[in-house]
Amino acid sequence: MVTLPSLPLEYEDEKIPYSKFWLPIKEVIGDCTCLYVSGLETLHFLTFANIHHENKYIIDEYDIHYLWSGNDIPRIKKEKEQTLSGISHKKDIFLFGGADFNYHPSHLATEQGFQYLQGTVDEVRCIEKILSNQWNIHKYTGKDATETAFRKLSGQPLESSVIHIATHSFRIIYHPKVRNDILHVGGLSKHKEPLLHTGLIFTGANHTWENLQQLGTDDGILTALEIESMNLSGVELAVLSGCNTGNGDTRYGENIFSLQRAFRQAGVKAQIISFRDVSDKETRELMTDFYRYWQTGMSKQKAFTMAQRNMKNKYTNEPNKWASFILIE
């Protein structure tokens with residue numbers, strides 16, 4: 001047991017205390033180079049890839065595995081053995097990006113809420129180009145990047161498949177004085193259910209979000225609570241490529257109620273999520289590097305580590321461009 005200093009609930013990347021936080025751990029683990037990290041509450045928000053002293057990052061020294069629970073270690077080791085033995089399948093990947101948040105069947109223009117993300121279209125196209133010869137591509141962009149298209153994946157045979165969603169996420173806050181039954185009022189919510197406080201944004205969302213409509217089954221706003229009720233068993237990886245897709249309500253003793261928890265409950269084995277605002281260009285670089293390595297036969301964890309090391313070498317003094325994402329196995 002290593003006693004660490006008391007730190008704020010959500011870490012600021014540039015304030016991670018290398019000497020007070022990491023050195024006590026390093027002294028205990030000695031020459032070990034493989035880390036399994038199961039972060040609860042405060043540690044949940046810590047991206048270990050960003051821990052550094054001057055220009056030396058620990059991501060160059062350690063093979064880091066993020067876990068939802070320590071009980072996952074046997075499964076992860078088994079998957080690693082299968083990768084090394086050459087057991088593989090042609091994967092299906094479902095790509096969502098470039099959603100038209102203003103689209104609505106009755107009219108094509110609404111008050112602008114969530115801004116269109118051209119970078120997500122570019123990201124999806126780059127991934128498609130890399131994988132098209134080896135994987136089965138299913139792409140949903142523009143007015144086709146709908147909540148309905150995503151919901152249709154529930155209950156389908158998705159063995160070894162990947163879901164990649166490049167879009168906005170949202171986070172709203174519970175406030176006891178709000179009385180309206182709609183999802184939010186100015187970013188505040190009357191709903192105590194924590195999985196209603198976060199979610200993903202698809203085509204047509206602005207019509208509901210800006211006009212304060214009641215939630216429906218195809219309104220473009222997919223809450224974590226809705227995801228939790230889906231059956232995504234067999235999905236090997238869900239990539240939530242957007243800002244703050246790992247954040248949620250913290251309940252001590254119960255971990256974090258977030259998109260991560262919802263996808264886990266739906267049956268998804270692993271996820272890539274972020275804990276900060278992320279930029280379009282560098283996110284595209286990180287994601288394309290990840291898939292480029294993964295499709296060569298590496299494990300997904302190794303491919304992600306290699307992609308982050310590449311980004312670290314390009315943007316050594318700018319960890320905000322690459323260290324905000326983690327892969328949770």
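Here is a short tour of the structure, stop by stop, for you to follow in your viewer.

**Stop 1: colour by confidence.** What you have open is a predicted model. Across the protein the pLDDT averages 87, and 88% of the residues score at least 70. Select strand S7, residues 161-166: among the elements, this strand has the highest mean pLDDT, 98. Now jump to helix H2, residues 73-84, which has the lowest, 75. Where pLDDT is low, the predicted coordinates should not be read in detail.

Go back to Phe263 and zoom in. Which residues does Phe263 touch, leaving aside neighbours within four places in sequence? Look for Phe150, Ile165, Leu200, Ile227, Leu232, Ala238, Leu240, Val268 and Gln271.

**Stop 2: helix H8.** Select residues 280-294, which make up H8. Then pick out the buried residues of H8: Glu282, Thr283, Glu285, Leu286, Met287, Thr288, Asp289, Phe290, Tyr291 and Trp294.

**Stop 3: the loop at Gln295.** Step on to Gln295, in the loop between H8 and H9. Its side chain makes a polar contact of 2.8 Å with the side chain of Gln134. A polar atom of the Gln295 side chain also lies 3.2 Å from the backbone oxygen of Arg292. Beyond four places in sequence, Gln295 is in contact with Ile130, Leu131, Gln134 and Trp135.

**Stop 4: helix H9.** Carry on to residues 300-314, helix H9. Buried here are Lys300, Gln301, Ala303, Phe304, Thr305, Ala307, Gln308, Arg309, Met311 and Lys312.

**Stop 5: the cysteines.** Last, how many disulfides are there? The count is zero. Select Cys34 to see one cysteine that is in no disulfide: the nearest cysteine sulfur belongs to Cys32 and is 6.2 Å away, while a disulfide needs the sulfurs within 2.5 Å. Cys34 is partly exposed, with a relative accessible area of 30%. Cys126 is partly exposed too, at 29%.

Note on methods. Residues numbered from 1 in each chain as written. Predicted model: local features only at pLDDT ≥ 70, side-chain atom pairs only at ≥ 80, totals over all residues. Heavy atoms only, no water. Helix = DSSP H or I, 4+ residues; strand = E, 2+ residues; numbered from the N terminus. Expected span 1.5 Å × (residues − 1). Buried < 20%, exposed > 50% of the residue type's maximum accessible area, 1.4 Å probe, protein only. Contact = heavy atoms within 4.5 Å. Polar contact = N/O pair within 3.5 Å; in protein donor to acceptor, adjacent residues only side chain to side chain. pLDDT = per-residue confidence, 0-100.
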